[in-house]
Amino acid sequence: MKCYAMVDTSLCVACGACAKICPRGAIGLPDGVYAKVNREKCVGCSMCAKICPASVITIMERENI
């Protein structure tokens, strides 16, 4: 199953924990306001979702890939 991480930007606290743990460098904080996922780099490993203190990251299934 091919997946990717999705951040609920309205609830993200921009702590950076997800960006630090991502083994693919797929998550960043470009504006310092919320985390942003690069879906091309993300493989859906779920490490970010597990470490997120605000529990705002969901692992989604990719469609038609």
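View 1. Val-43 counts as partly exposed, at 47% relative accessibility. On this scale, buried means under 20% relative accessible area, exposed means over 50%, and partly exposed lies in between, with a 1.4 Å probe and protein chains only. The structure is a predicted model, in which local features need pLDDT of at least 70 and side-chain atom pairs count only at pLDDT 80 or more, whereas totals for chains, interfaces and linings use all residues. Residues are numbered from 1 along each chain as its sequence is written, and side-chain values use heavy atoms, with hydrogens and water left out. Val-43 sits in the loop between β3 and α2. Helices (H or I, at least four residues) and strands (E, at least two) are DSSP runs, numbered from the N terminus. When neighbours within four places in sequence are set aside, Val-43 is in contact with Cys-3 and Arg-24; contact means heavy atoms within 4.5 Å. Glu-63 is 20 residues from Val-43 in sequence, and the two are 14 Å apart in space, C-alpha to C-alpha.

**View 2. Cys-42 and the residues it touches.** Cys-42 also belongs to the loop between β3 and α2. Its relative accessibility is 11%, so Cys-42 counts as buried. Not counting residues up to four places away in sequence, Cys-42 touches Cys-3, Tyr-4, Ala-5, Ala-26, Val-37 and Arg-62. Thr-58 is 16 residues from Cys-42 along the chain, and their C-alpha atoms are separated by 12 Å.

**View 3. Cysteine sulfurs.** A search of the whole structure finds zero disulfides, a disulfide being a pair of cysteine sulfur atoms within 2.5 Å. Cys-3 is in no disulfide, and the nearest cysteine sulfur, that of Cys-42, is 8.6 Å away. Cys-3 counts as buried, with 9% relative accessibility. Cys-22 counts as buried, at 16% relative accessibility.

**View 4. Two serines with positive phi.** Ser-46 is not a glycine, yet its phi is positive, at about 75°. Ser-46 is in the loop between β3 (36-37) and α2 (47-51). Is Ser-46 buried or exposed? With a relative accessibility of 18%, Ser-46 counts as buried. Ser-55, likewise not a glycine, has a positive phi of about 55°. The place of Ser-55 is the loop between α2 and β4 (57-61). Ser-55 counts as exposed, at 64% relative accessibility.

**View 5. Glu-61 and Tyr-4.** Glu-61 is part of strand β4. Its relative accessible area is 53%, so Glu-61 is exposed. Tyr-4 is 57 residues from Glu-61 in sequence, whereas the C-alpha to C-alpha distance of the pair is 6.5 Å. Tyr-4 is also among the residues that Cys-42 touches.

**View 6. The whole chain, for orientation.** The protein chain has two helices and four strands. From the N terminus on, these elements run β-α-β-β-α-β. The radius of gyration is 11 Å, close to the 11 Å that the globule rule gives for 65 residues, so the chain is as compact as a globular protein of that length. This radius is taken over C-alpha atoms, and the globule rule is 2.2 Å times the number of residues to the power 0.38. The C-alpha trace spans about 30 × 20 × 20 Å along its principal axes. Of the 65 residues, 32% count as buried. Among contacts between residues at least 6 apart in sequence, 58% join residues at least 24 apart.

**View 7. Surface and charge.** The accessible surface of the protein chain comes to about 4,400 Å², and 50% of this area belongs to carbon and sulfur atoms. Accessible areas come from the Shrake-Rupley method with a 1.4 Å probe; for residues, only the protein chains shown count as cover. How many positive and negative side chains does the protein chain have? There are 8 positive and 5 negative side chains, and the centres of the two sets lie 9 Å apart. Lys and Arg count as positive and Asp and Glu as negative, while His and the chain ends are not counted. Each charge is placed at NZ of Lys, CZ of Arg, CG of Asp or CD of Glu.
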